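Subject: Two-chain model for you to look over

Hello,

Here is the structure I promised to pass on. My notes follow it.

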Amino acid sequence: MKPKIEEIFESLLIEIQKGRRMEDCLKDYPEYRAELEPLLLLSCQLNGLPKLEPERQAVESALSRVRRIVYEQREQPKQPFLRRFVTLHPVFIRAAATIVLVLLAGWGGISFSAQSLPGNIFYPVKRLAENARYNLTFTPDGRAELHIAFARNRTGELLKSFRPNVTLDKRLLNSMLNETRSAQKGAEKLAGAKSLVLMDKVEQVNRWQKSTLEDIQPIAYAGDSAILCNAISLCAQRGDCLTRGCCSECRYGSEACVCPWETICAWK
Amino acid sequence: MAEKPSLLSSGEIKNDELIKIVAQAKKGDDQALESLCRYIYGRIYGYIYHRVRQREDAEDLTSEVIVKMVKALTKQNGNFMAWIYKIAANTIIDYQRRLTSRKETSLDELTIDLPDKKQSMPKNVLTADKLKMGIAGLTAEQAEVIALRFLQENNIEETARIMGKSVGAVKVMQFRAIKALRDFFRKKGYQI
């Protein structure tokens, strides 16, 4: 492939720089001679121009500026590392401020949402925080404790959100009963005194749920009557089971204990 | 004690010698720093002068480049001369931005007249004054490649590195710049 004229020009410049005569160089490319000769002549003249020398005064003036800067840099008191780091990195300051703001907003949001009820815009934040807390708890007893706490929360929410003759929040009721069931299952899996303590707590929550449901049943919406009956019955049976220590779910350990989960599951 | 490299303010220095001086200057050696500043001033002044074409401005800008170099010297990595030319190129760009009121002159619009053809000045000799006018008619990139390649005598690889372009692109640019310069002088009646 024929080299481009720009390539030839560059190679000839190098040859001339090495000391080869221009005339000899051009003999290698006779077809480009007419075009390249004046350009090479001009390049040689450019190379041969006397070098521009700066005025001594200008150089000295620049050097005195440099000396002043160096002096100032050395005289500057050394700042502590962290302060120097923060001063030198505005990005760090922005990142830190963002993290603090996010944490504050998160903490504020969670605190604010703690008292929220279903239907409130902060309620999903509350549930999200609960889920996060649960996922960050890795011990079985810790998780069982959390189920107990969540069961209490749901019972409180059911009580606060209840309005006479207004239909119940079925999802909330289901969630309340499910949390108690999970707490019971978690407590059963544990051994020894810890299990007994947790079973006792589950039993208390279950009793509170039963009494709550019994309190609201007479003034509840007529259409919810059957569901409330079922739920109260479930609480009663679970209370029985907890007292007797017979079963938590589908393990029919006693004739008196009939597992009611199918009914509850139908509400989902 | 390590031997200090010799450095003449106006002379050329080898690359390995420059590396040593830069390393010493980074460590806080005042003498090395001063030698480095003198050497860089000499190299950069010509480059800046051919780009801005005003002696006072070139001096101010060179001084600015030297100050920037000293302030950032400890953070410098890689090829030192490429780094310096990059600082100089950016300083020139900032300077040109400041001169927004000055209209750019293209080769065709150039109104600067060269001395009359009838004068006794030899027509085939390129002088610094003629060159100054010739370069004024080039584009910014063409002027830069002429300054770096022919006046500063950087090789094609160094020029490409400084300009942030490929070697091939610089070859094409240099060829076109020389052609544009030749056309300019021919238009003005010079036998170049």
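Just after helix 6 of chain B, B:E153 takes a positive phi of about 55°. This is a predicted model, so treat that angle as computed. B:E153 sits in the loop between helix 6 and helix 7 of chain B. The residue is something other than glycine, yet its phi is positive. B:E153 is partly exposed, with 16 other C-beta atoms within 10 Å.

Helix 6 of chain B itself is another matter. Of its 12 residues, 10 are buried, so the helix is largely enclosed by the rest of the structure. The buried ones are B:Q142, B:A143, B:E144, B:V145, B:I146, B:A147, B:L148, B:R149, B:F150 and B:L151. What do they pack against? In chain B, the partners are helix 2, helix 5, helix 7 (156-163) and helix 8. Helix 3 (33-48) of chain A joins them.

Next, the core. The largest nonpolar core has 62 residues. B:L36, B:I40, B:I44, B:I48, B:I66, B:A88 and B:I146 touch the most other members. Helix 2 (residues 30-52) of chain B gives the largest share, 13 residues. A second, separate core has 23 residues, among them A:I148, A:F150, A:A183 and A:L234. Back in chain B, take B:A88 as an example of a core residue. Leaving aside neighbours within four places in sequence, B:A88 is in contact with B:I44, B:Y47, B:I48 and B:V65.

Now the interface. Chain B puts 32 residues into the contact, and chain A puts in 27. On the chain B side, helix 2, helix 3 (55-72), helix 5 (128-136), helix 6 (140-151) and helix 8 (167-187) each supply at least two residues. Helix 2 of chain B again gives the largest share, here 9 residues. By class, the side of chain B that touches chain A has 20 nonpolar, 5 polar and 7 charged residues.

On the chain A side of the model, look at helix 1 (residues 5-18). Its 14 residues should span 20 Å at 1.5 Å a residue; the end C-alpha atoms are 20 Å apart, which agrees. In this helix, A:I8, A:F9, A:E10, A:L12 and A:L13 are buried. They pack against helix 2 (22-27) and helix 3 of chain A, together with helix 7 and helix 8 of chain B. A:G19 follows helix 1 of chain A, with a positive phi near 115°.

Chain A also has a positive phi in a residue other than glycine: A:N165, near 60°. A:N165 lies in the loop between helix 8 (140-161) and helix 9 (170-189) of chain A. Is A:N165 buried or exposed? A:N165 is exposed, with 10 other C-beta atoms within 10 Å.

The overall make-up is quickly told. Chain A has 12 helices and 0 strands. Chain B has 8 helices and 0 strands. Buried residues make up 21% of the 268 residues in chain A. In chain B, 38% of the 192 residues count as buried. For contacts with a separation of 6 or more, residues 24 or more positions apart account for 54% in chain A. In chain B that share is 61%.

Last, confidence. The model scores ipTM 0.71 and pTM 0.50. Chain B has a mean pLDDT of 78, and 78% of its residues reach 70 or more. Among the helices of chain B, helix 3 is highest at a mean of 91, and helix 5 is lowest at 77. Two stretches of chain B need care. Residues 1-10 have pLDDT below 50, with 13 contacts in the model beyond near neighbours in sequence. Residues 105-121 are also below 50, with 14 such contacts.

Best wishes

Technical notes. Residues are numbered from 1 along each chain as its sequence is written. Chains are lettered from A and ligands numbered from 1 in the order in which they are written. This is a predicted model: local features need pLDDT of at least 70, side-chain atom pairs count only at pLDDT 80 or more; totals for chains, interfaces and linings use all residues. A nonpolar core is a set of buried Ala, Val, Leu, Ile, Met, Phe, Trp, Tyr and Cys residues joined through C-beta atoms within 7 Å. A residue is buried if 20 or more other C-beta atoms lie within 10 Å of its own, exposed if 12 or fewer, and partly exposed in between; C-beta atoms are placed from the backbone. Helices (H or I, at least four residues) and strands (E, at least two) are DSSP runs, numbered from the N terminus. Two residues are in contact if their C-beta atoms, placed from the backbone, lie within 7 Å. Ala, Val, Leu, Ile, Met, Phe, Trp, Tyr, Cys and Pro count as nonpolar, Asp, Glu, Lys and Arg as charged, and the others, Gly among them, as polar. pLDDT is the predictor's confidence in each residue, from 0 to 100. The expected span of a helix is 1.5 Å times one less than its number of residues.
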